[in-house]
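Student: Please give me a close look at one part of this structure, and then at what surrounds that part. Keep it brisk. I care about where things sit and what touches what.

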Number of protein chains: 2
Amino acid sequence: MAVRALAFDVFGTLLDWRSGVAEAFRAAGVADDAEELADTWRAAFFSMTGEVNSGARPWGNVDELHRSALDRLLADRGIEVPADQRERLVAAWHQLDSWPDVREGLEALRRERVVTALSNAHVALLVDLTRYGDLRFDCLVSAEVARVYKPDPEVYLTAVRLLALEPDELMLVAAHPLDLEGARGAGLRTAFIDRPLEYGPGSNPREDPDADVSVGDLHELAERLSG
Amino acid sequence: MAVRALAFDVFGTLLDWRSGVAEAFRAAGVADDAEELADTWRAAFFSMTGEVNSGARPWGNVDELHRSALDRLLADRGIEVPADQRERLVAAWHQLDSWPDVREGLEALRRERVVTALSNAHVALLVDLTRYGDLRFDCLVSAEVARVYKPDPEVYLTAVRLLALEPDELMLVAAHPLDLEGARGAGLRTAFIDRPLEYGPGSNPREDPDADVSVGDLHELAERLSG
């Protein structure tokens, strides 16, 4: 298996978005069910990316979709949050902590292979997140360039083209079987990384039996790929 | 002047392409006038980027234009170079040394502002060059995404859009007045950096009286921008 480059999903795979967003809800005075609100917001955002891909919704970047999804969520729940606090909630997605293995794990993986982000986040958001977490990538590839969201094959193929690779020379690393399935459909290799805390303790375990590799963290991935 | 991000031209501004390419000519057995050949190759490549911008030539990335320009140059001079050596010459542009101030200078500048590459080089070439030189950018923006070359305004505006900035919040740093003029035409700020050795000792001095800042190296730029 001649994997020449690794492409990383970001939210959930590298970053603990749920804790950061729940904390932002609490800072906005919405203390009850902050984690549940974060989950619902995330799900509504994800549903909107599907609307963009189907053509039912015009292109909007992650900030724009987050803003729409938040407005709808708060209206549905009858929760009052002033406009400036809503903007702070949208901005909370620009400053999220990484899982503990990520910063050093990326450095280790970069020693042997090209390492890129491959995210639905727009480039400016990826820049904020990587600066915040001091995460070093060789490249940032965003769905923004393809104007369509993962798991549309065009996003994965954009990364393949920009890195001047064959599809099977690029491996997507993600915690989400749907993302990995999309990557496989585009001809990429896949690595499943288990992030059992993405949706909090006790959430449904995930696995991806079709992945080329399944690991618990980035250090294990580095070992597996160099072995 | 609220400059929020710096965009760097790469060849000549950050990298000493001439020494590396001349050395590659010598390695290919073309020892006479290796520097002059490098200069002529560079000029022919540059002329081809103009043909792409005018629509006279279809899009080709830097490797492809380098290959065409090299074939024509060697034919014009009646110099025989086998195909594998020609590929090594094209590949030499993927491994170029930086000017001495660059690696640490970029680190210093990154502490205060977003720092991106903004280059005619395609993304895969930028990845090779930044890995080779251990240069850290927050982002790589390539003419490849705009499908047109600098100094077309669309290249500069692509960086502006991807970084979610206003044009005057982005400053192009380059050693080439033509590049800086293109950036100003798109509304960017500009910093001229003097690289008197780009074309070898004794070459014509350059300056850009219209630049917002003129400096001798990246450390001086960091001082000027934080002052």
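Tutor: A word on domains before anything else: their bounds come from an automatic or database domain assignment. The model is predicted. On that basis, chain A splits into domain 1 (5-16 + 96-226) and domain 2 (17-92). Their centres, taken over C-alpha atoms, lie 23 Å apart. Domain 1 of chain A puts 18 residues into the contact between the two, and domain 2 of chain A puts in 13. Sort the domain 1 side by class and you get eight nonpolar, four polar and six charged residues.

Start in chain A. Six strands make an open sheet with parallel pairing, in the order E3-E2-E1-E4-E5-E6. Strand E3 (139-142) and strand E6 (213-215) of chain A are the edge strands, and each pairs on one side only. From one strand to the next, the twist averages 25°. Look at the E3 edge. Strand E2 (residues 114-119) of chain A runs parallel to E3(A) and is joined to it by four bridges. One residue pair to find there: Ser119(A) has Ser142(A) as its bridge partner in E3(A). Helix H9 (residues 177-185) of chain A packs on the sheet, where it touches strand E4 (170-174) and strand E5 (189-193) of chain A. The direction of H9(A) makes about 170° with that of E4(A).

Chain B next. Its open sheet has six strands in the order E3-E2-E1-E4-E5-E6, with parallel pairing. E3 and strand E6 (213-215) of chain B stand at the edges with a single partner strand each, so one side of each has no neighbour in the sheet. Neighbouring strands are turned by 25° against each other on average, direction ignored.

Work through the pairings of chain B. Strand E1 (residues 5-8) of chain B is joined to E2(B) by four bridges, and the two run parallel. Ala5(B) finds its bridge partner in Val114(B) of E2(B). Val173(B) stands opposite Ala191(B) of E5(B). Helix H9 (residues 177-185) of chain B lies across E4 and E5 of chain B and runs at about 170° to E4(B).

How covered is E2(B)? Six of the six residues of strand E2 (residues 114-119) of chain B are buried, so the strand is largely enclosed by the rest of the structure. Val114(B), Thr116(B) and Leu118(B) point one way. Val115(B), Ala117(B) and Ser119(B) point the other way.

Now a helix. Helix H6 (residues 123-133) of chain A is mostly covered, with eight of its 11 residues buried. Among the buried ones are Val123(A), Leu126(A), Asp128(A) and Thr130(A). After H6(A) comes Asp134(A), whose phi is positive, near 50°.

The contact takes 14 residues from chain B and 14 residues from chain A. On the chain B side, helix H6 (123-133) and strand E3 (139-142) each supply at least two residues. H6(B) gives the most, with five residues. By class, this side of chain B has 10 nonpolar, one polar and three charged residues.

The same surface serves both copies, since 100% of the contact residues of chain B recur in chain A.

Val160(B) is buried, because 23 other C-beta atoms lie within 10 Å and the cut-off is 20 or more. Leaving out residues up to four places away in sequence, Val160(B) touches Leu165(B), Pro167(B) and Leu170(B). Pro100(B) is 60 residues from Val160(B) in sequence and 28 Å away in space, C-alpha to C-alpha.

Definitions and conventions
Residues are numbered from 1 along each chain as its sequence is written. Chains are lettered from A and ligands numbered from 1 in the order in which they are written. This is a predicted model: local features need pLDDT of at least 70, side-chain atom pairs count only at pLDDT 80 or more; totals for chains, interfaces and linings use all residues. Two residues are in contact if their C-beta atoms, placed from the backbone, lie within 7 Å. Ala, Val, Leu, Ile, Met, Phe, Trp, Tyr, Cys and Pro count as nonpolar, Asp, Glu, Lys and Arg as charged, and the others, Gly among them, as polar. A residue is buried if 20 or more other C-beta atoms lie within 10 Å of its own, exposed if 12 or fewer, and partly exposed in between; C-beta atoms are placed from the backbone. Two strands pair if DSSP finds at least two bridges between them. Axes are lines fitted to C-alpha atoms, for helices over the stretch in contact, and angles run from 0 to 180 degrees between N-to-C directions.
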